[in-house]
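Here's a quick briefing to read with the structure open beside you. Take it one topic at a time and find each piece as you go.

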Amino acid sequence: MQSLPKPEIIFTHESDLDGLISGLLLKRLAQKLFGEEIPLEAYHNQSWRQRAFHEKSAWVADMTFETRLDRVNWLVIDHHATDVVAQDAVLVHDTGKSAGLLCYELCKEHGFESPALDRLVHLSNVADLFLEKDPDFDLANDYANLVKTYQFWNLIELIQRNPEQLLDHPLLEVMAVKRRVEDPLGYAWSLSNITELSPYVGFVDTMVGNINLIVHQLLETAATPYSALLTLFRKANGTIIVSVRSRNGDALRIAEKLHGGGHANASGATLPRSVQSVSEAVRYLRHILSPAAPAAGPSNESLENAFDSVASRSERNRRKEIRGNFDS
Ligand SMILES: [Mn+2]
């Protein structure tokens, strides 16, 4: 059994159930191993990139392994694609499992497990990896939707930091109703509101419903001519986030063109701040994704500037509310 470095802090991903489960499991594991309450911090991708590290030791879950995390006395547990090989950090990595499942396996190695946690981690794993063949797929998405609907820290407070309290939580009934009522309406609306960005990429406007599931269904049934579909989400600070989904691995390639990342078929990126409306985003994305566009690289900056100079005033002033609730 691997001995784990004692962390000053635990970091996890704020945007989904996988991050939440990972964070709570690691907190409990640290408590069990070291008898101390270790602080938990959660980040979205953007704020994570800006986080400077002063900690001499840390545990990190559900964040892509990168060179700046490769530190002595750091433990990283993740499942996002990475090319970085760990030299100094302890890396627990498997793209075939959710971060929550990897954390739970670590907990089991160190002596705690329960039927309730088995069930919860299974559901979270099904939702995070989008295991559509699993009989629990719909229910798993209801669980994942709790975090999207009520937010990471609210939910943690509501369950008093006990992951077990999520199991059969009364709020799941609300999620089931949302799924039954909102998703069919949202699917029909989105299907009639798709804009071509390139011959292979479509932008899906969203109104109501679980956007993740709606886009999945559009891809699954080949309801559109596109092999990759994009949705947009505006963050509170005004920046626009793109979420990309595909079935052939294109999603990651597209996200990388936009300086983002994620999984082969589920990834995301943040658009430059100068892009402030849906119509601007569509123009920008068409420009970047056009077959003639140069590959992404440090020179993409000039591409963005070029875009800025073409975007007309009137276009820039025409604002449209971006709906959705997705952050990859
Ligand atoms: Mn994850």
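Is helix α1 largely enclosed by the rest of the structure or largely open, and how many of its residues are buried? Of the 18 residues of α1, 13 are buried, so the helix is largely enclosed by the rest of the structure. Keep in mind that this is a predicted model.

**Helix α1**
- Helix α1 covers residues 17-34.
- At 1.5 Å a residue, its 18 residues should span 26 Å, and the end C-alpha atoms are 25 Å apart, which agrees.
- Look just after α1 and you'll find glycine 35, which takes a positive phi of about 65 degrees.

**Helices α3 and α4**
- Two packed helices are described by the angle between their axes and the distance between the axes.
- For α3 (residues 99-109) and α4 (residues 115-128), the axes come within 8 Å and cross at roughly 150 degrees.
- An angle over 145 degrees counts as roughly antiparallel, and α3 and α4 are therefore roughly antiparallel to each other.
- On the α3 side, the contact is made by Gly100, Leu101 and Tyr104, while α4 brings Leu117, Val121, Ser124, Asn125 and Asp128.
- Sort those contact residues by type and you get 4 nonpolar, 3 polar and 1 charged.

**Glutamate 41**
- You'll find glutamate 41 in strand β2, which is residues 40-43.
- Glutamate 41 has 14 C-beta neighbours inside 10 Å, so it counts as partly exposed.
- Leaving aside neighbours within four places in sequence, glutamate 41 is in contact with Ile9 and Phe11.
- Glutamate 41 and glutamate 14 are 27 residues apart in sequence, and their C-alpha atoms are 8.5 Å apart in space.

Notes
Residues are numbered from 1 along each chain as its sequence is written. This is a predicted model: local features need pLDDT of at least 70, side-chain atom pairs count only at pLDDT 80 or more; totals for chains, interfaces and linings use all residues. Helices (H or I, at least four residues) and strands (E, at least two) are DSSP runs, numbered from the N terminus. The expected span of a helix is 1.5 Å times one less than its number of residues. A residue is buried if 20 or more other C-beta atoms lie within 10 Å of its own, exposed if 12 or fewer, and partly exposed in between; C-beta atoms are placed from the backbone. Axes are lines fitted to C-alpha atoms, for helices over the stretch in contact, and angles run from 0 to 180 degrees between N-to-C directions. Angles under 35 degrees count as roughly parallel, over 145 as roughly antiparallel, 65 to 115 as roughly perpendicular and the rest as oblique. Two residues are in contact if their C-beta atoms, placed from the backbone, lie within 7 Å. Ala, Val, Leu, Ile, Met, Phe, Trp, Tyr, Cys and Pro count as nonpolar, Asp, Glu, Lys and Arg as charged, and the others, Gly among them, as polar.
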